[in-house]
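Welcome, and thanks for taking a look at this one with us.

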Amino acid sequence: MVNPVSRREFLNLLAATGGIAAALRAGTALNLLPGSASAASLDLLNLGSNQRKIAILGGGISGLTAAFELSKQGYDCTVLEASHRCGGRVLTLRHGDLIDEIGNRQYCEFDDEPHMYFNAGAARIPSTHRNLLAYCKELNVELEVFINENKTSFVQDDNMLGGRPIRNIDYTTNMRGFMAELMAKAMNSDELDAPFTESEAETLLSMIRSFGDLNENDLYSGSFRAGYAEGGFLKHGVQKDMIAFRDLLKSRMGRQIMGANEGDTGPILMQPAGGMDQIIRGFLNHVGEQVKYRAMVTSVKVTDKGVNVAYDQDGVRHSLEVDYCFNCIPTHLMVGIDHNFPSDYVTAMKYVRRGEAYKAAFQAKHRFWEDLDIYGGISWSNTKSRQLWYPSHGIHKAKGIVLGAYDYSGGMYHTLMSQEERIEAHLADHEKIHPNFRELVEKPVTIGWHRMNHMLGCSARWSRNLGRGWTHEEETLYHTLQAPVNGRHYFIGDQISMHSAWQESAVMSAQWALSHMDAQVRAELA
Amino acid sequence: MLSFVPLDVRHKIWGLANRILLALAICHLTPFTSAAAEREPYDDRYCTTCHGTDGRGNEGIEAPRLAGMEDWYLRRQLKNFRAGIRGYHPMDTAGIAMRPMAKLTDDSIADIVAWVGSWDYQPAEITIEGDVQSGELLYGVCATCHGMDAKGNAAMGAPALAGQNDWYLVTQLSNFVVGYRGRHEDDRYGQQMAAMVGTLTDESAIRDVVVYINSLETR
């Protein structure tokens, strides 16, 4: 029943072991976890009677961070927001909300209930995003756990097992078993365990056996870890059949499945109870009166003494003279707004590409996933819709909202479609996982971030060096844009970070700019 | 005035007042669509998001200058985008990006054309270099329709070129040359233009002719 590992697989493993040895030599690199600087490091001077005026261009998370912090210290802030709402890509959709996608305006028709919402932009907060979490605490934003990886959810690939969806736990248990068998075989060969002492080799081998649930002969022959074919409580459980390694290897989805809880999604993830925009509401409880809505910036001119901002609101052009300006308008849109920025600045603004991420969601007529032992988490498929998210909240309620597509890199595939084509594509894709998906869902919403009014793009893309990191030139352009113009105008937002698409990046970019400005103000007042 | 009211309630009152004022302002100034009275209204005057302040163009998002564009030309192009006569070729990425933006009613198009006509016009920034003398020779063919001064000719359906963003002229000439624009069977004027670009045999010829257009007085 158990197939031996072939010679080719063994040779591949030899190469892989060389790779591990090389990685070990790299040493400390293994200690690097993506983390952010400690929270609450912001120590801004309270101005007292030395009031200064601030313009904040854009009411996204970075702009509101700036407004909140500066207002606390006695600054006179005005937030100019081009759209009808604050939050930017922190967008929670509920009953009646406008989805302002140009060419595809929609109103969200979900049932009007507190748990019936969809986070169409930011959706997850890792526990390591300390600065954002510190604001959640300060603003009394209640958090709950977000379930990201779920072993009872499905993995589906037309190339694997005739397209039959299998549970994530079947995929990962079998994959780990086979990988462990290969590794154990390698450890039992004299050449390969040579780099290790006897004690190290023994420790490693015991971990490998445990990793894959190998039998006494260091072979994988299936595992109860994948759950039972039957029984398990009042009767002894019956082990499920193994899935052949070769069958699993027909799919390349292990790249996502085996790494779902790594990197940014490795820490415990959270979401605000009631929707991600509770963070925005939290900020607006303090600075809401400072926001001007549907106010489109038309000009930003930096002078020796400050910044002159012009904006259109209600068909009238207004002007605003301030001491400092914090600007989170997407750089690709700022290029078209009158300004007097230096040319190296403009070069950097033009360099940044627009993100193309795309999301869709459906209202489920009942929580069909709970009937399948699924509570939260993600089903993965090798379709263009990619992901199906079951809500972490509203457990056992009548209905829920499922994410029906999340294409974070090649989002133009769906963005270029009509609304009807998009919906049909997601229905067809998810029928492969839930055969009657089409009948189970209703009231779809789709969000092509590339076309959302006043943003026209998802998170900024700095690196064009596909997967090979930033070039020296890109680093230079980035630092050019991070530095203030004449000490008066600061670009902020996750676009001014090396890790865009996270709220933490937006918060930290704002805090960096605030600290920089604070140092100048302290010097002036000294 | 409201100091006795708690902050969060004040914010709500403020928000409500703002929404009422805003709704009134929008009703008054711009056409809008609304599925239900309490729903957030929207309008189709979103052009400046991409096309920049007063429609002066935005190279960052490849959106050309609209200010100064003839009303008949703007109307025709919006309708072409709407019908898929323009922005149909997969390589015309900016054209494809424009197509959904032009999902407009005739009334919205009329409103936009009038709105564009109200914008302050300032000459476009010069961003490219080339051989102006070579460009002048090449421009001879163009002058037939677009005029010696590149100010356009409504009778011929040929828009003004002087004053347009030079990077946009380069992109469009290239598109006509390689067939990303002006090959659609219903694009009568586009076909006319595609037939005229034969003298622009390479990239430098395109740049030269645009540099010559740059040298002409704008308005």
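## A helix pair in chain A

Let's start with a crossing: helix 2 of chain A and helix 9 of chain A cross in a left-handed sense. Helix 2 covers residues 61-72 and helix 9 covers residues 278-287, and their axes come within 10 Å at a crossing angle of roughly 35°.

Sorted by class, the contact of the two helices has 6 nonpolar and 2 polar residues, with no charged ones.

Chain A has a mean pLDDT of 91, and 91% of its residues reach 70 or more.

The stretch to treat with care is residues 1-38 of chain A, where pLDDT stays under 50. For this stretch the model has 27 contacts beyond four places in sequence. Where pLDDT is low, the predicted coordinates should not be read in detail.

## The nonpolar cores

The largest nonpolar core holds 120 residues, and Phe326(A) and Val402(A) are those with the most contacts inside it. Helix 16 of chain A, residues 503-525, supplies the largest share of this core, with 7 residues.

What surrounds Phe326(A), once its neighbours within four places in sequence are left aside? Its contacts are Ile54(A), Ile56(A), Gly63(A), Ala66(A), Tyr490(A), Ile492(A), Ala510(A) and Ala513(A). There is also a second, separate core of 20 residues, which includes Ala150(B), Leu169(B), Met193(B) and Val211(B).

## Where the chains meet

Across the interface, 29 residues of chain B are in contact with 34 residues of chain A. On the chain B side, the elements that give two or more residues are helix 1 (7-29) and helix 2 (47-51). Helix 1 of chain B gives the most, with 8 residues. By class, this side of chain B has 13 nonpolar, 11 polar and 5 charged residues.

## A closer look at Arg82(B)

Arg82(B) sits in helix 3 of chain B, residues 71-83. Is Arg82(B) buried or exposed? Arg82(B) is buried, because 20 other C-beta atoms lie within 10 Å, and a count of 20 or more is what the term requires.

Beyond its neighbours within four places in sequence, Arg82(B) is in contact with Ala102(B), Lys103(B) and Leu104(B). Trp119(B) is 37 residues from Arg82(B) in sequence, and the two are 23 Å apart in space, C-alpha to C-alpha.

Note on methods:
Residues numbered from 1 in each chain as written. Chains lettered and ligands numbered in written order. Predicted model: local features only at pLDDT ≥ 70, side-chain atom pairs only at ≥ 80, totals over all residues. pLDDT = per-residue confidence, 0-100. Contact = placed C-beta atoms within 7 Å. Helix = DSSP H or I, 4+ residues; strand = E, 2+ residues; numbered from the N terminus. Nonpolar A, V, L, I, M, F, W, Y, C, P; charged D, E, K, R; others polar. Core = buried A, V, L, I, M, F, W, Y, C linked by C-beta atoms within 7 Å. Buried ≥ 20, exposed ≤ 12 C-beta atoms within 10 Å, placed from the backbone. Axes fitted to C-alpha atoms, helices over the stretch in contact; angles between N-to-C directions. Left-handed = near helix turned anticlockwise from the far one by under 90°.
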